[in-house]
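Q: I would like to learn how to read a structure one feature at a time. Where do we start?

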Amino acid sequence: MLDVTITLVQMAFVATILTVALEQIFDTRLYQRFLGKGIDGNGSVFFKTFELRPWISTASGIFVAMTFELQAVSIGLGEAYLGSANPAGTVVDDVKIVDMVLTGLVIGGGTKSVKKVAKMFAQTRQEISQSGK
């Protein structure tokens, strides 16, 4: 459990940094006018009805997770569990890539996504422990 808590705190830290860094871009008039919601909120020059912000955040989160090889699932489950499908007992590259993409999706969603993961994990853990009694 301690590893999961530490991982969630680390993901929240990275998500906070990414969110603040992207706000520097998203808050500019240049972004708002050409790519964002527009200066008046009625759509930008290139995207009248499409919001690009979540896609940029998602791509940035995945990029950060892949660059730093952040893997939340393997920490939560343990490398021994993930490597059990491989006869050598090591985690294969495909599993690591999926783990980094999932971690990046959560990081790209910002701190709200990390809090949602933590809340859902805590609720599920509590329900499992109650059903076992």
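A: We can start with one residue and its surroundings. Arg33 is in contact with Ile39, Ser44 and Val45, leaving aside neighbours within four places in sequence; contact means heavy atoms within 4.5 Å. This is a predicted model, in which local features need pLDDT of at least 70 and side-chain atom pairs count only at pLDDT 80 or more, while totals for chains, interfaces and linings use all residues. Residues are numbered from 1 along each chain as its sequence is written, and side-chain values use heavy atoms, with hydrogens and water left out.

Q: Where is Arg33 found, and how far in space is Arg33 from Phe47?

A: Arg33 belongs to helix 2 (residues 29-34). Helices (H or I, at least four residues) and strands (E, at least two) are DSSP runs, numbered from the N terminus. Between Arg33 and Phe47 there are 9.4 Å from C-alpha to C-alpha, and they are 14 residues apart in sequence.

Q: How many helices and strands does the protein chain have?

A: The count is seven helices and zero strands. Along the sequence the pattern reads α-α-α-α-α-α-α.

Q: How is the length of a helix checked, and what does helix 3 give?

A: The expected span is 1.5 Å times one less than the number of residues. Helix 3 (residues 53-68) has 16 residues and should span 22 Å; its end C-alpha atoms are 22 Å apart, which agrees.

Q: Which residues of helix 3 are buried, and which are exposed on the other side?

A: An α-helix has 3.6 residues a turn, so residues three or four places apart point the same way. In helix 3 the buried residues are Ser57, Ser60, Gly61, Val64 and Ala65. They cover an arc of only 130° around the axis, which puts them on the same side of helix 3; the arc is that of the directions from the helix axis to the C-beta atoms. Trp55 and Phe63 are exposed on the other side of helix 3. Just after helix 3, Glu69 takes a positive phi of about 55°.

Q: What does Ile56 touch?

A: Ile56, which is in helix 3, touches Leu22, Phe26 and Tyr31, not counting residues up to four places away in sequence. Ile56 and Leu22 are 34 residues apart in sequence and 8.6 Å apart in space, C-alpha to C-alpha. With a relative accessible area of 26%, Ile56 is partly exposed.

Q: Which residues have the most contacts inside the largest nonpolar core?

A: In soluble globular proteins, nonpolar side chains tend to be buried together. A nonpolar core is a set of buried Ala, Val, Leu, Ile, Met, Phe, Trp, Tyr and Cys residues joined through side-chain atoms within 4.5 Å. The largest one has 14 residues, and Met11, Leu18, Ile107 and Val114 have the most contacts inside it. Helix 1 (2-26) and helix 6 (93-108) are the elements that give two or more residues to this core. Helix 1 supplies the largest share, seven residues. Beyond its neighbours within four places in sequence, Ile107 is in contact with Met11, Val14, Ala15, Leu18, Gly61 and Leu70.

Note on methods: Buried means under 20% relative accessible area, exposed over 50%, partly exposed in between (1.4 Å probe, protein chains only).
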